[in-house]
Structures are given as structure tokens and as C-alpha cells.
Amino acid sequence: MTKIRQWSTLAVCALFLFGLPLWHLLSPDEEFSKSERRRLEHLPELTLSGVVGGEYFEEMEDYLLDQFPKRDAFRSVKSVFSFSVLRQKDVGGLYRQDGHLGKLETALDEAQFSYGIRKLNEVREALPKSCAVYYAVIPDKNVYLAQPNGYPHIDYDDMLRRLREGLENMTEISLFDLLDANDYYRTDAHWRQENLEPVVSRITQAMGVPTPDWSSWQPQELYPFQGVYLRQSALPVEPDTLVYLQNDVTDAAQVSSLETSGGNTVYTPDRFSGMDGYDTFLSGAQALLTVENPLADTDRRLILFRDSFGSSLAPLLLESYREITLVDLRYFSSSLLGDYVDFDGADVLFLYSTSILNSAMLFK
């Protein structure tokens with residue numbers, strides 16, 4: 001009996017020592033990690049200089065970690081163990097609450113936040129006097145999850161107060177009282193487009209434009225939507241269903257960018273299976289986009305300074321404007337605005353989430 005146990009132990013050790021490396025060698029390398037939204041390392045080139053300098057061994061270590069067989073499965077086991085057995089409140093800043101996944105943001109970054117206020121004021125100062133200028137802050141999901149449940153969080157009341165005091169010649173449109181956690185995807189940071197009727201109503205009323213007829217929208221569903229928090233946490237959580245709202249206006253709209261002069265569409269469901277399913281809305285991150293509404297009975301135009309949340313809101317505002325120009329200051333230098341954007345007589349809305357305002361040095 002003792003020999004059987006010894007031989008069994010030896011067999012298990014041999015399986016791990018030789019089986020895993022053999023499995024690794026026989027498995028094809030993966031190009032991307034959808035869970036981590038990054039390109040994975042590939043087998044480094046063996047060179048004398050790399051060996052002598054040590055770079056080869058560092059690159060090989062990264063490669064072996066990235067291409068480890070069933071890496072995501074092991075990540076999932078680790079996450080479940082941390083939450084369920086060790087009873088940790090969060091793992092790497094990710095936490096679970098009321099069926100949602102969230103990411104902690106514990107304090108206001110003074111340097112970043114102050115820079116953001118200065119940058120937005122700088123852009124505002126350069127706008128023509130004919131512009132009506134507004135700003136709205138999109139609450140992070142932590143407002144409705146972390147704050148009421150005892151997790152560390154930003155002082156959002158203080159953040160809003162400082163914005164009111166710091167931003168010059170802009171009219172605030174408050175959104176915090178219109179939303180709750182269920183207006184966001186369970187597995188992602190973003191809000192759900194189909195739940196934004198109160199947001200659209202408040203924005204259009206504040207800016208003095210017609211509020212779209214909500215009954216005209218036809219919901220289209222895409223599944224499974226594995227949000228960024230689900231991928232980062234590697235927890236076995238049921239994915240969301242992504243919903244986008246379609247009507248005659250969004251179907252007729254023409255989208256152009258710095259790279260293309262037209263022919264693009266408001267929704268791009270073919271991008272749903274890519275690195276980020278939220279790219280279904282206006283093709284994801286873009287420096288500068290113009291969306292034209294050929295069915296409009298108005299000549300009003302909107303310049304929307306936005307982050308990724310604005311990609312899902314802009315289609316809902318399109319019915320109220322002939323043209324919406326979306327500017328993402330993370331990818332487009334503010335010094336070039338006058339060369340590419342016609343502000344004369346347009347409405348201007350600065351629409352940013354609390355998380356972007358807390359990392360505002362991304363603004364160019």
C-alpha cells in the first residue's frame with residue numbers, strides 16, 4: 001500500500017513536471033487575451049546579445065506566463081478562492097456587490113482632477129461667444145455600489161462642488177439623481193443605453209431642444225457581453241446582454257471620422273465579438289466623429305466632448321440635431337480643435353464620467 005502511494009505521488013509530480021511543459025509546447029500560441037484586453041507575448045528570438053544581456057530570459061518568462069495552458073481557468077480558480085474561501089472584500093481592486101462587479105476608486109487624484117478643470121476651462125475659453133455651453137458628469141457605478149455598502153470611495157459630493165466652483169461659464173446638467181446600479185451593466189463600467197430615457201430627457205430639456213420620442217426605438221440584443229470587470233476578475237459570472245436602440249434616424253445617419261469621409265454606421269454589431277463588445281456603439285474609441293442626421297427638421301448642431309459613455313448616448317440625441325460632432329480629448333489635441341471643428345452657433349456639451357475626470361491627464 002505504501003508503494004502504491006509513493007508511485008502515485010511520483011506519477012502526479014511527473015505529470016506536473018513533464019506534462020504541463022509538453023502541453024504548453026504542443027498548444028498553439030494565442031494572439032490576444034480578451035480577458036485582459038491586450039496582446040500576449042510570443043516566443044522571443046534567441047540571440048547572443050539577448051542571452052548575454054539577460055533580456056532573452058526576461059522575455060521568455062513573460063512568454064511562458066502569457067501562454068500558460070488554460071491560463072484563464074487558473075485565474076478563475078484563484079479569484080473564486082480569494083472571494084469564497086479567503087472571504088476577501090476585493091481582489092486587485094475588483095469587488096462584488098448586489099450581483100454587480102465593480103472596481104474601487106478610493107480617492108480623488110488632486111493633480112489629475114485639477115488638470116482636468118484647467119483643460120476644460122482652456123477649451124471653453126477658446127469657444128465662440130455664440131456657443132451655449134453645458135457640462136454633465138456621469139456617475140461611476142461606485143456611486144451606487146461602493147458608497148452605500150461601506151467600500152472606500154471618492155467623495156463625490158466634494159468632486160461635484162469643486163467642479164461647480166472651478167468650471168467657468170458653463171451650465172451644469174445634474175445626472176446623479178437619475179440613475180442607480182441597475183442602469184449599468186453588471187459586468188462592466190458602462191451604463192445601459194436602453195435605460196437612459198431620464199438622462200436624455202434632462203439633457204434635451206436643459207439645452208432647449210426637442211426630446212426624442214422614446215417609443216420609436218427598437219431594441220436589438222447581443223449576447224454574451226463580457227464586460228471589462230468580468231474579464232479582469234475571471235469570476236464565473238453570467239455575462240450581460242448588450243442592447244442598442246435603433247430607429248429610422250439611426251438607420252439613416254451617416255458617420256464620418258478623420259480617417260473616413262462617410263458611409264459608416266451608428267452601430268457596428270460586427271465589432272461586438274472583438275476586444276470590447278461596447279465598441280458596438282459608434283465603433284468604440286475615436287478621436288473625432290461627425291454624425292449627420294439627414295431626416296432632421298432642424299439646423300441645430302451639437303459638439304459633444306465625451307469619453308466612451310458618450311458613444312451610447314449620442315445616438316439618442318441625434319433626433320434633436322442635424323449634426324453631432326464627438327470629440328475625445330484623450331486622443332485629439334485641444335490645440336487642433338479650431339482646425340477641424342466648426343463651433344459657430346453650436347451647442348456644446350462636456351460629458352465625462354467621474355473616473356475619467358479623476359485621470360484627466362489623459363486629456364491632450
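Contact here means heavy atoms within 4.5 Å. Keep that in mind as we go.

First, the ground rules. This is a predicted model, where local features need pLDDT of at least 70, side-chain atom pairs count only at pLDDT 80 or more, and totals for chains, interfaces and linings use all residues. Residues are numbered from 1 along each chain as its sequence is written, and side-chain values use heavy atoms, with hydrogens and water left out.

Two more terms. Helices (H or I, at least four residues) and strands (E, at least two) are DSSP runs, numbered from the N terminus. Buried means under 20% relative accessible area, exposed means over 50%, and partly exposed is in between (1.4 Å probe, protein chains only).

Let's start with helix H8, residues 197–207. Which of its residues are buried? They are Val 199, Val 200, Ser 201, Ile 203, Thr 204 and Met 207. An α-helix has 3.6 residues a turn, so residues three or four places apart point the same way. What do the buried residues of H8 pack against? There are three strands in the list: S5 (132–138), S11 (301–306) and S13 (347–353). Helix H11 (309–317) is there too. Just after H8 comes Gly 208, with a positive phi of about 70°.

Now H8 against H11. They pack at an angle of about 65°, and their axes are 11 Å apart. Axes are lines fitted to C-alpha atoms, for helices over the stretch in contact, and angles run from 0 to 180 degrees between N-to-C directions. The crossing of H8 and H11 is right-handed. On that term: a crossing is right-handed if the near helix is turned clockwise from the far one by less than a right angle, and left-handed if anticlockwise. Who makes the contact? From H8, Val 199, Val 200, Ile 203 and Thr 204. From H11, Leu 313, Leu 316 and Leu 317. The residues of this contact divide into six nonpolar, one polar and no charged. For the classes, Ala, Val, Leu, Ile, Met, Phe, Trp, Tyr, Cys and Pro count as nonpolar, Asp, Glu, Lys and Arg as charged, and the others, Gly among them, as polar.

On to salt bridges. The rule is a side-chain nitrogen of Lys or Arg within 4 Å of a carboxyl oxygen of Asp or Glu. How many are there by this rule? The count comes to 15.

Take Arg 322 and Asp 299. Their side chains meet at 3.7 Å, N to O. Arg 322 lies in the loop between H11 and strand S12 (323–327), and Asp 299 in the loop between strand S10 (288–292) and S11, so the pair ties together parts that are 23 residues apart in sequence. Arg 322 is partly exposed, at 31%. Asp 299 is exposed, at 62%.

Another pair is Arg 300 and Asp 347, at 2.8 Å, N to O. This one links distant parts of the chain: Arg 300 is in the loop between S10 and S11, Asp 347 is in strand S13, and they are 47 residues apart. Arg 300 is partly exposed, at 31%. Asp 347 is buried, at 6%.

Then Arg 330 and Asp 328, at 2.7 Å, N to O. Buried or exposed? Arg 330 is buried at 16%, and Asp 328 is buried at 1%.

Salt bridges link Glu 110, Asp 158, Arg 161, Arg 162 and Glu 165.

Last, the backbone. Most residues other than glycine have a negative phi, and most peptide bonds are trans. Where is the cis bond? A cis peptide bond joins Tyr 223 and Pro 224, with omega about 0°. Pro 224 has its place in strand S7 (residues 218–225).

Asp 98 has a positive phi, near 50°. Asp 98 is in the loop between strand S3 (94–97) and strand S4 (100–103), and is exposed at 55%. Ser 283 also has a positive phi, near 65°. Ser 283 sits in the loop between S9 and S10, and is buried at 16%.
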